[in-house]
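Me: I would like to learn how to read the features of a model like this one. Please take them one at a time, general idea before the case.

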Amino acid sequence: MAQNYDLIVIGEGISGLTCAGHAARSGLRVATLESTLFGGLVLNVNELDGYPGKESGTEFASELMQASAEAGVTSIQEEVTAIHPAGGAFEVVTGAGIFGARQVVIASGARLKKLGVPGEKEFEGRGVSWCADCDAPMFQNEDVVVVGGGDSALQEALVLANFCRSVRVAHRGEKLRAQKHLADKAAANAKISIMWKSTVEAILGGKMVEKVRVRRDGKIEEMASAGVFAYIGLEPNAGFAPSGIARDERGHLVTHDACETAMKGIWAIGAVRTGYSGLLRDATVEAQHVAEAIRSRLALD
């Protein structure tokens with residue numbers, strides 16, 4: 001027999017936890033569904049830029065998770081595989097069964113893109129990583145390569161520089177996309193060097209990563225590296241969403257100004273939707289507004 005809720009929030013990242021906690025405190029029966037660890041990609045952020053009062057992404061996510069639990073939100077560790085309309089409500093399908101919801105918020109966020117090169121999958125967990133905060137201590141006095149040129153790439157390079165002998169940043173362009181203060185910090189760190197017009201072609205090694213093959217300014221070279229950290233962008237976690245919800249060219253869910261999709265009763269917030277700013281403060285405000293809109297709608301039903 002399906003368990004029924006007023007609201008199911010899919011995803012326990014910053015957006016999802018904020019929305020669920022706010023809705024529960026307004027009197028709704030709320031559940032969250034999460035296939036991995038709560039917190040989402042913010043767990044990879046060692047220092048929250050522009051968000052005073054929070055020391056790290058882990059601290060922020062932990063506070064929200066605790067607040068959500070105290071508000072009475074039911075946390076269910078299951079992966080959502082589908083959402084089906086069901087007589088004016090919805091069935092949220094997981095491997096463990098079906099959960100009923102009067103309203104659904106998709107807050108499943110985004111995942112880091114893979115490089116898609118030989119050796120990446122084979123060496124995952126053996127030198128290939130997507131979390132410097134988690135794994136940097138394993139590379140004490142080693143040489144590593146970071147791939148990317150945005151904020152995340154430089155933030156992780158700066159974390160790695162606290163442990164590693166050298167950090168090479170492979171960037172395909174001739175100019176960094178990162179904010180100036182991060183670029184300045186990286187430039188001032190003697191352990192960090194930028195490899196311009198560079199792409200990683202393959203990751204090589206035996207039991208662990210030992211080398212990286214790089215195309216640099218048109219020429220192929222191999223360089224010693226014990227680790228590879230890729231930060232080349234994000235792709236939305238939206239594969240389970242109904243086909244009736246429109247996507248943009250990159251797969252993000254399309255919503256109107258109030259963050260509701262074309263399927264009335266299904267909302268999308270945070271990095272999974274098109275038009276999201278990427279700012280944590282915007283994410284929390286957006287999530288609260290959606291929770292309030294849902295509370296008002298259900299009160300009228």
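Reply: Start with burial, where buried means under 20% relative accessible area, exposed over 50% and partly exposed in between, with a 1.4 Å probe and protein chains only. In this chain of 301 residues, 49% are buried. The model is predicted, so local features need pLDDT of at least 70 and side-chain atom pairs count only at pLDDT 80 or more, while totals for chains, interfaces and linings use all residues. Residues are numbered from 1 along each chain as its sequence is written, and side-chain values use heavy atoms, with hydrogens and water left out.

Me: How many helices and strands does the secondary structure of the chain come to?

Reply: Both are DSSP runs numbered from the N terminus: helices are H or I with at least four residues, strands are E with at least two. Here there are six helices and 17 strands. The radius of gyration is 21 Å, close to the 19 Å from the globule rule for 301 residues, so the chain is as compact as a globular protein of that length. That radius is taken over C-alpha atoms, and the rule is 2.2 Å times the number of residues to the power 0.38. Along the principal axes, the C-alpha atoms fill a box of roughly 65 × 40 × 30 Å.

Me: What part of the contacts in the chain with a separation of 6 or more comes from residues 24 or more positions apart?

Reply: A contact means heavy atoms within 4.5 Å. Residues 24 or more positions apart supply 60% of the contacts in that set.

Me: Now single residues. Is T18 buried or exposed?

Reply: T18 counts as buried because its relative accessibility is 6%. T18 belongs to helix α1, residues 14-25. Leaving out residues up to four places away in sequence, T18 touches L64, T284, A287 and Q288. A polar atom of the T18 side chain lies 2.7 Å from the backbone oxygen of I14.

Me: Which residues does A230 touch, and where is A230 placed?

Reply: A230 sits in strand β15, residues 227-230. With 3% relative accessibility, A230 is buried. Beyond four places in sequence, A230 touches L112, L115, S129, W130 and V147.

Me: What is the accessibility of R168?

Reply: R168 is partly exposed at 26% relative accessibility, and its place is strand β10, residues 166-170. Its contacts outside four places in sequence include V144, V145, V146, S193 and M223.

Me: Where are E249 and G251 found?

Reply: E249 is in the loop between β16 (234-236) and β17 (266-268), and G251 is in the loop between β16 and β17. E249 counts as exposed at 75% relative accessibility, whereas G251 is partly exposed at 22%. Setting aside residues up to four places away in sequence, G251 touches P236 and A238.

Me: What is the value of phi at N141 and at K197?

Reply: Most residues other than glycine have a negative phi. N141 has a positive phi, near 60°, in the loop between α3 (132-135) and β9 (143-147). K197 also has a positive phi, near 50°, and lies in the loop between β11 (192-195) and β12 (198-205). K197 is partly exposed, at 37% relative accessible area.

Notes. A polar contact is a pair of N or O atoms within 3.5 Å; within protein, one must be able to donate a hydrogen and the other to accept it, and residues adjacent in sequence count only if both atoms are side-chain atoms.
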